[in-house]
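Q: Please take a close look at one part of the model shown below, and say how its surroundings are built.

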Amino acid sequence: MKESLEMVSFGDVAVDFSCEEWQDLNIAQKTLYRDVMLENYSNLVSLGHCFPKPILIVQLEQCADPWIQEVSEKNFTE
């Protein structure tokens with residue numbers, strides 16, 4: 001059986017929250033989310049994935065609220 005391997009994108013492993021959903025999380029859940037998302041991004045970069053840094057990662061690095069209101073290519077830095 002021949003398997004087809006495809007590159008995994010950050011969007012494949014990212015979890016997005018609305019503002020309302022984010023407000024329902026407690027501090028421990030928000031910290032876990034931040035740690036996991038930053039680790040996922042770091043792992044993809046370490047595997048040689050070259051793509052613009054997602055705005056979500058920039059927000060998490062700055063400890064800003066990370067919800068994404070609309071998924072689009074605008075969610076990536078230049």
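What does the accessible surface of the chain come to, and what percentage of it belongs to carbon and sulfur atoms? After that, look closely at the aromatic pairs.

A: The accessible surface of the chain is about 6000 Å², and carbon and sulfur atoms hold 53% of that area. Accessible areas are from the Shrake-Rupley method with a 1.4 Å probe, and for residues only the protein chains shown count as cover. This is a predicted model, in which local features need pLDDT of at least 70 and side-chain atom pairs count only at pLDDT 80 or more, while totals for chains, interfaces and linings use all residues. Residues are numbered from 1 along each chain as its sequence is written, and side-chain values use heavy atoms, with hydrogens and water left out.

The chain contains 4 helices and 0 strands, in the order α-α-α-α along the sequence. Helices (H or I, at least four residues) and strands (E, at least two) are DSSP runs, numbered from the N terminus. Of the 78 residues, 23% are buried; buried means under 20% relative accessible area, exposed means over 50%, and partly exposed lies in between (1.4 Å probe, protein chains only). Among contacts with a separation of 6 or more, 47% join residues 24 or more positions apart, a contact being heavy atoms within 4.5 Å.

Now the rings. A pair of aromatic rings is described by the distance of the centres and the angle of the planes. Here rings of Phe, Tyr and Trp (its six-membered ring) pair if their centres lie within 6.5 Å, and planes under 30 degrees apart count as stacked, over 60 as edge-to-face and the rest as tilted. Searching the whole structure gives 5 aromatic pairs. Phe 17 and Tyr 33 count as edge-to-face because their planes stand at 70°, with the ring centres 5.0 Å apart. This pair links distant parts of the chain: Phe 17 sits in the loop between α1 (10-13) and α2 (19-24), while Tyr 33 belongs to helix α3 (residues 27-46), 16 residues apart. Phe 17 counts as buried because its relative accessibility is 18%. Tyr 33, at 8%, also falls in the buried class.

Elsewhere, ring pairs join Phe 10, Tyr 41 and Phe 51 into a cluster.

In soluble globular proteins, nonpolar side chains tend to be buried together.

Setting aside neighbours within four places in sequence, Leu 44 is in contact with Val 8, Ser 9, Phe 10, Val 13, His 49 and Phe 51. His 49 lies in the loop between α3 and α4 (55-61) and is buried because its relative accessible area is 13%. With neighbours within four places left aside, His 49 touches Met 7, Val 8 and Leu 44. The His 49 side chain reaches the backbone oxygen of Val 8 at 3.4 Å.

Finally, the charged pairs. There are 2 salt bridges, where a salt bridge is a side-chain nitrogen of Lys or Arg within 4 Å of a carboxyl oxygen of Asp or Glu. One joins Asp 35 and Arg 34, with the closest N and O atoms 4.0 Å apart. Asp 35 has 41% relative accessibility and is therefore partly exposed; Arg 34, at 27%, is partly exposed. The other joins Glu 61 and Lys 53, where the closest N and O atoms are 3.1 Å apart. Glu 61 is partly exposed at 42%, and Lys 53 is partly exposed at 27%.

Key. Polar contact = N/O pair within 3.5 Å; in protein donor to acceptor, adjacent residues only side chain to side chain.
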